[in-house]
Amino acid sequence: MPQSGDLLRLADAVLFPGFAGRTPPDWLRRRLGDGLAGVVLFSRNIAGPGQVARLTAELRAENPSVLVGTDEESGEVTRLEVATGSSRPGGYALGVVDDVALTEALARDLGGDLASAGITIDFAPSADVNSNPDNPVIGLRAFGADPVLVARHTRAFVRGLQSAGVAACAKHFPGHGDTSIDSHHGVPVVAGDGIEAALVPFREAIKEGVKAVMTGHLLVPSYDAELPATLSPKVLTGLLREELGYDGMIITDGIEMAAVSGAYGIGGASARAIAAGADAICIGGERADEAVAVEVRDAIAAAVTEGLLPEERLADAARRVRELAAWATSSGSQAQGHENGYLGLTAARRAIRITRRSTAPILPLSSAPYVVELAPEMNLAIDKGTPWGVGEPLTRLLPGTTVTRLAAGEATGAALERLIGEAVFRPLVIVVRDAHRYAWQAEALRHLLSARPDAVVVEMGLPARSDLGAVHIATYGSARVCGQAAAEVLTGSV
């Protein structure tokens, strides 16, 4: 059935699509002129701060109140600094330091960068409590595993970001930390006895006045045994709105993710999310063309005419999006001076934890080392092109350093034996990333350390063990500054 122009415009007023390229395509310009609510920028849209500022100015030329969002969590999940790696560590490192003033200052500094680039909503912080060490998608993105610690740093991050005039967005409600499935691929289930702890940071973010909350595609049987949170009126309306008293904008995680689109399609999931209580639909991480944006708009409009989605609910959702846009337009950037990476490097240095298991003088390194970096496949939230590691900054500090990086299929016994041979008479540094979650990394570590017990192990993920190597260095992050901080420790140049 053909939809009225007014109803289609109302549906557009809750959509945040992505797009391909570093300039706005014609279809996006046209839709913005017709009232499209917002746009999500991914690393494919970003070449540098100046280019992003020009891009967002072009978007505002079509719709002055457009909300421009991105996933800039700092640390592993970065968009503005995807080409270089983040100049700020992620949440877990900040939680290890546990200095809320530092977290707030770092978030304010980040907000200044975002505001200067014309970005008005940041899909951060991750308010998840990473209580499951095998979590494949949260991990270092969380501030930690203790709900109270996560809550105080969530508040500090929200406070800092919003003081710079950029809306914060606490995610992934009601908490993706105590799960072992990545919602990009399936439906994670949150245990009933863990939900109250998971809600603590969100309660505190609401008290802090967080402008947006992002839903997680999670099944919470204690509230709804059938529908994931994004599609559940019991979770979004009953829990978030009524029980927790949240009145700001609720935006979905990427609606194309299998946990919600698998059963209903992208359009069907979008309409059900709005009916459940969401106010905005995030699209385009994996699907970013005009056809998808049209499909979602038309599905929402059709849901109204078919009675699945009350028009009053859609109008209420559009109102909350408009209210956030009005705040973003009026707030402007309040950031006072950019720190040029100093805060981020300071935080990364303070997060380093060193365990010495040998009385031999292993550190500082006395000559150029041989570095072996074991590189696992990362989840879809982390751009595969984001640089990481210790080899590059170590090479700058110790010219002559040799760096070899091995992926899962490359860390064979023969390859490791070859590396052991090449590293004879040289210090050996082994860099891993969440070694406890990858059997191949653990086996490669065992192989290398059996031949070289004097090796230094640098863990750039979550350190489940610190008894590996003659010296174990935990960075609690793989951001560029975390690699720099580790290299300074290795060379004694701090």
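Is Arg 320 buried or exposed, judged by its relative accessibility? At 9% relative accessibility, Arg 320 counts as buried, a term that denotes under 20% relative accessible area, with exposed meaning over 50% and partly exposed in between (1.4 Å probe, protein chains only). This is a predicted model, in which local features need pLDDT of at least 70 and side-chain atom pairs count only at pLDDT 80 or more, while totals for chains, interfaces and linings use all residues. Residues are numbered from 1 along each chain as its sequence is written, and side-chain values use heavy atoms, with hydrogens and water left out.

**Salt bridges**

- Across the whole structure, a search finds 40 salt bridges, each defined as a side-chain nitrogen of Lys or Arg within 4 Å of a carboxyl oxygen of Asp or Glu.
- Asp 279 and Arg 320 form a salt bridge through their side chains (3.9 Å, N to O).
- Asp 279 lies in the loop between α9 (258-276) and β8 (281-282) and Arg 320 in helix α11 (residues 311-331), so this pair ties together parts that are 41 residues apart in sequence; helices (H or I, at least four residues) and strands (E, at least two) are DSSP runs, numbered from the N terminus.
- Asp 279 counts as buried because its relative accessibility is 0%.
- The side chains of Asp 12 and Arg 31 also meet in a salt bridge (2.7 Å, N to O).
- That pair links distant parts of the chain, 19 residues apart, with Asp 12 in helix α1 (residues 5-12) and Arg 31 in helix α2 (residues 26-33).
- Both Asp 12 and Arg 31 are buried.
- Arg 418 and Glu 422 are joined by a salt bridge (3.1 Å, N to O), and their spacing of 4 residues in helix α14 (residues 413-422) separates them by about one helical turn.
- Arg 418 is partly exposed, at a relative accessible area of 43%, and Glu 422 is partly exposed at 38%.
- One network, joined by salt bridges that share partners, includes Asp 279, Arg 313, Asp 316 and Arg 320.

**Sheet and packing helix**

- An open sheet of 6 strands runs in the order β9-β14-β13-β12-β10-β11, with mixed pairing; two strands pair if DSSP finds at least two bridges between them.
- At the edges are β9 (353-356) and β11 (402-406), each pairing on one side only.
- Strands β10 (residues 370-374) and β12 (residues 428-432) pair in the parallel sense over 4 bridges, and Tyr 370 has Leu 428 in β12 as its bridge partner.
- Helix α15 (residues 439-451) packs on the sheet, touching β10, β11, β12 and β13 (456-459), where contact means heavy atoms within 4.5 Å.

Note on methods:
Axes fitted to C-alpha atoms, helices over the stretch in contact; angles between N-to-C directions.
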